[in-house]
Amino acid sequence: RLAVGGSVSSFQMSALTADAPQPPPPREIASGVHLIPGGFLPGRGPDGNTIIFDAPDGLIVVDTGRHVWQSDAILAFARERQRPVAAILNTHWHLDHSSGNGRIKAAYPQAPLFATSAIDRVIEPGGFLTRNLDGARAMMAAGELAGVQQEEAQIFIDTMAASNDLRPDVVIERTQRLRIAGKRLDVHVTSGAVTEHDLWLYDRRTRVVILGDLVTFPAPFFETACPDRWRTELDAVWRTPFRTAIPGHGEPMSRAQFDLYRTAFGAFIDCASSSAPASQCAADWTARIAPFIASDERAQRMAPEMAEYYVGFLRENGDRSPDCVAS
């Protein structure tokens, strides 16, 4: 299994070929809030969703993706709007949400990066990313990777070679209301959830909430997660008076859809911590999220496979990731 920097499972690197990527077109979700959808191409690691706010002082880019086509789409959006990128936010350090930081900063070096300090732990010796970097280098040196797998590993290696691009210029340590590029946003900081500390954002003007990987399809990504803290944070989101929720992976959601996901997540981790067969937990998860993936045959295939994998992963590690650092 080759894990290349967060939100990666054995399923993501299984194919040897991939569709030719196309830059995703942006969509306006609410006034001044644009979504550049992430992708999950066969044989490749995913790209998380990118959200761009129109702010008084320029554009605020939330999450920059993994692949060059995702950051190309961000840069093209800025050029077409004739507005600079004034700030970058990373909801969390997983590389499918942050590998594009360097390319955006190269084009707009004045744009500060806002994020938590959680990146520090995972790039120190023995940290999650450092361990996986050693594995990727060993597999490359042994000639075990070819084609798309080799390309994906090289993206990881190159990102880690420029790991300072993952470190925030402005460290966000607590939940607060911030003015960023002239725009007010409620910035919430988790204490353990998907990673040690994640950000989720609420825009009171449009009543849009940006969730990062607190919501993902076709399954939650548990590689670095504390599931109980994650469930608590979903409850905190629910108490926010949002109208539209934008997940880290997947389509924007209504309040009712978010609540459906929240319920499915809770049922899944309850099942994973029980003695029920892993296949039963996976089938229940897939049935509960069926409305979200009804038009995506690949997601329908992947959902039960990924869910069953994660049941085993959690059970092997005391119902949490071994990299969960919450008490």
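Begin by selecting arginine 231, which, apart from neighbours within four places in sequence, contacts Phe265, Gly266, Ile269 and Asp270. The model on display is a predicted one. Arginine 231 belongs to helix 6, and its relative accessibility of 26% places this residue in the partly exposed class.

**The disulfides**

Next, display the cysteine side chains. How many disulfides does a search of the whole structure find? The search gives two. Counted along the chain, the bonded cysteines pair in the pattern 1-4, 2-3.

Select cysteine 226 and cysteine 324 for one of these links, where the S to S distance is 2.0 Å. The bridge connects distant parts of the chain, 98 residues apart: cysteine 226 sits in the loop between strand 11 (208-210) and helix 6 (227-238), and cysteine 324 in the segment after helix 10 (297-316). Viewed about the S-S bond, the link of cysteine 226 and cysteine 324 is right-handed, at 115 degrees. Are these two cysteines buried or exposed? Both cysteine 226 and cysteine 324 are buried.

Move on to cysteine 271 and cysteine 281, whose sulfur atoms are joined at an S to S distance of 2.1 Å. Because the torsion about the S-S bond of cysteine 271 and cysteine 281 is about -85 degrees, the disulfide is left-handed. Buried residues are those under 20% relative accessible area. Cysteine 271 therefore counts as buried at 14%, and cysteine 281 likewise counts as buried at 1%.

**The cavity**

A search of the whole structure finds one cavity of 30 Å³ or more, and the volume of the largest cavity is about 60 Å³. To outline the largest cavity, select its lining residues: Asn90, Thr91, His92 and Trp93, then Ala115, Thr116, Ala118 and Ile119, and lastly Leu166 and His197. What classes of residue make up this lining? The lining of the largest cavity has five nonpolar and five polar residues, with no charged residues. Colouring the selection by class will show this division on screen.

Key:
Residues are numbered from 1 along each chain as its sequence is written. This is a predicted model: local features need pLDDT of at least 70, side-chain atom pairs count only at pLDDT 80 or more; totals for chains, interfaces and linings use all residues. Side-chain values use heavy atoms; hydrogens and water are left out. On a 1 Å grid over the protein atoms alone, a cavity is a set of points where a 1.4 Å probe fits but cannot get out, and a pocket is an open set with protein on both sides within 12 Å along at least five of seven lines; lining residues have an atom within 4 Å of a point. Grid points are joined across faces, edges and corners, and a volume is the space filled by probe spheres set on the points. Ala, Val, Leu, Ile, Met, Phe, Trp, Tyr, Cys and Pro count as nonpolar, Asp, Glu, Lys and Arg as charged, and the others, Gly among them, as polar. A disulfide is a pair of cysteine sulfur atoms within 2.5 Å. Helices (H or I, at least four residues) and strands (E, at least two) are DSSP runs, numbered from the N terminus. Buried means under 20% relative accessible area, exposed over 50%, partly exposed in between (1.4 Å probe, protein chains only). Contact means heavy atoms within 4.5 Å.
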